[in-house]
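Hi there,

Here is the structure I promised to pass on to you.

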Amino acid sequence: MSSPVSSSPAAPVASVPGRKPYVVIVMPAYNAAKTLEDTFRRIPAGYYDEVIVVDDYSRDDTTELARRLNLKAIRHPHNVGYGGNQKTCYMEALRDGADIVVMLHPDGQYDPAIIPEMIKPIQEGRADMVLGSRMMIPGGAAAGGMPVWKQVANRFLTTMENLAMGRKFSECHTGYRAYSRKFLETVPFLRNSNGFVFDTEVIFQAVHFGFPIVEVPISTKYFADASSVGFRAGVVYGLGTLATAGRFLAHRAGVVSNEKFRR
């Protein structure tokens with residue numbers, strides 16, 4: 001039976017005296033021209049050093065708008081998917097010297113005001129991965145307009161994932177996340193899916209490699225211009241999530257080795 005690879009406890013980021021951590025906010029974007037500027041304007045000043053927008057071959061002027069806002073903008077020459085977009089985001093952030101990377105969707109669904117709380121556990125050395133959870137506050141997801149079927153699916157899948165990982169996360173399906181540089185340099189995220197299940201795979205990798213994870217409560221809002229996974233895509237995502245849990249268990253048991261859980 002193979003044992004999980006343990007990572008040393010998180011250390012305070014940028015512990016060199018007089019040096020602040022370099023914080024990069026990445027925005028994986030697709031047809032986000034209607035919401036990008038408002039989302040960016042609501043990011044608290046003083047809590048980031050750079051914003052990177054990766055446009056996954058949008059049909060609107062997302063890239064042009066990002067550049068008018070003086071943000072670093074990268075446009076894919078073809079659409080690669082949500083997970084593939086994140087891969088570009090994180091590689092570019094690491095290339096630019098990020099100590100902490102925050103993923104913020106540019107559609108305005110997640111509140112940028114929470115960013116200080118997202119980066120704090122990493123700055124203090126309590127976490128290498130931070131998950132913003134809609135489920136930590138009772139009724140919070142419903143108050144933000146999250147459809148009932150998504151709430152039910154979210155709780156069911158999170159329960160299954162917790163059973164597989166031996167954890168008690170309140171939510172495993174948030175798109176609001178923060179990572180330390182050490183995390184992104186250790187976890188083989190480039191081997192992950194280019195689709196939505198990328199997010200699930202990263203959590204299983206974090207647990208497998210022994211990284212400390214902290215959840216913080218967040219608020220969200222669902223509205224017409226906010227991106228959302230439809231029922232059919234949601235079913236595909238759910239099946240992918242359960243398959244990821246199965247691969248994780250098989251790898252941990254030494255039954256079938258999986259490259260996503262190897263360095």
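Strand 5 (residues 129–133) and strand 7 run parallel and are joined by five bridges; two strands are said to pair if DSSP finds at least two bridges between them. Strand 7 covers residues 213–217, and four of its five residues are buried, so it is largely enclosed by the rest of the structure. Buried here means under 20% relative accessible area, exposed means over 50%, and partly exposed is in between, with a 1.4 Å probe and protein chains only.

Before going further, a word on the source: this is a predicted model, in which local features need pLDDT of at least 70 and side-chain atom pairs count only at pLDDT 80 or more, while totals for chains, interfaces and linings use all residues. Residues are numbered from 1 along each chain as its sequence is written, and side-chain values use heavy atoms, with hydrogens and water left out.

The overall picture

The chain has nine helices and seven strands, which are DSSP runs numbered from the N terminus (helices are H or I with at least four residues, strands are E with at least two). For 263 residues, a compact globule would have a radius of gyration near 18 Å, and the chain agrees with that, at 18 Å. That radius is taken over C-alpha atoms, and the globule rule is 2.2 Å times the number of residues to the power 0.38. Along the principal axes, the C-alpha atoms fill a box of roughly 55 × 50 × 40 Å.

Of the 263 residues, 54% count as buried. Among contacts with a separation of 6 or more, 76% are between residues 24 or more positions apart, where contact means heavy atoms within 4.5 Å. The accessible surface comes to about 11700 Å², and carbon and sulfur atoms account for 57% of it; these areas come from the Shrake-Rupley method with a 1.4 Å probe, and for residues only the protein chains shown count as cover.

Strand 1 (residues 23–29) holds valine 24, which is buried at 0% relative accessibility. Leaving aside neighbours within four places in sequence, valine 24 is in contact with Glu50, Ile52, Ala93, Ala98, Ile100, Val101 and Val102. Aspartate 96 is 72 residues away from valine 24 in sequence, yet their C-alpha atoms are 8.6 Å apart.

Six bridges join strand 1 to strand 2, and the two run parallel. In this pair, valine 26 stands opposite isoleucine 52. Six of the six residues of strand 2 (residues 50–55) are buried, so this strand is largely enclosed by the rest of the structure. In a regular strand the side chains alternate between the two faces of the sheet. In strand 2, Glu50, Ile52 and Val54 point one way and Val51, Val53 and Asp55 the other, and all are buried.

Helices to look at

Alanine 66 sits in helix 2 (residues 62–68) and is buried at 0% relative accessibility. Beyond its neighbours within four places in sequence, alanine 66 is in contact with Leu36, Val53, Leu71 and Ala73. Arginine 134 is 68 residues from alanine 66 in sequence and 28 Å away in space, C-alpha to C-alpha.

Glutamate 92 belongs to helix 3 (residues 82–95). Its relative accessible area is 12%, so glutamate 92 is buried. Apart from neighbours within four places in sequence, glutamate 92 is in contact with Ile52, Lys72 and Ile74.

Helix 8 (residues 198–208) is mostly covered, with 11 of its 11 residues buried; among them are Phe198, Phe204 and His208. Just after helix 8, glycine 210 takes a positive phi of about 75 degrees.

Two backbone angles to check

Which phi does tyrosine 57 have? The value is near 60 degrees, which is positive in a residue other than glycine. Tyrosine 57 lies in the loop between strand 2 and helix 2, and at 41% relative accessibility this residue is partly exposed.

Asparagine 70 is another residue other than glycine with a positive phi, near 65 degrees. Asparagine 70 lies in the loop between helix 2 and strand 3 (72–75) and is exposed, with a relative accessible area of 70%.

Best wishes
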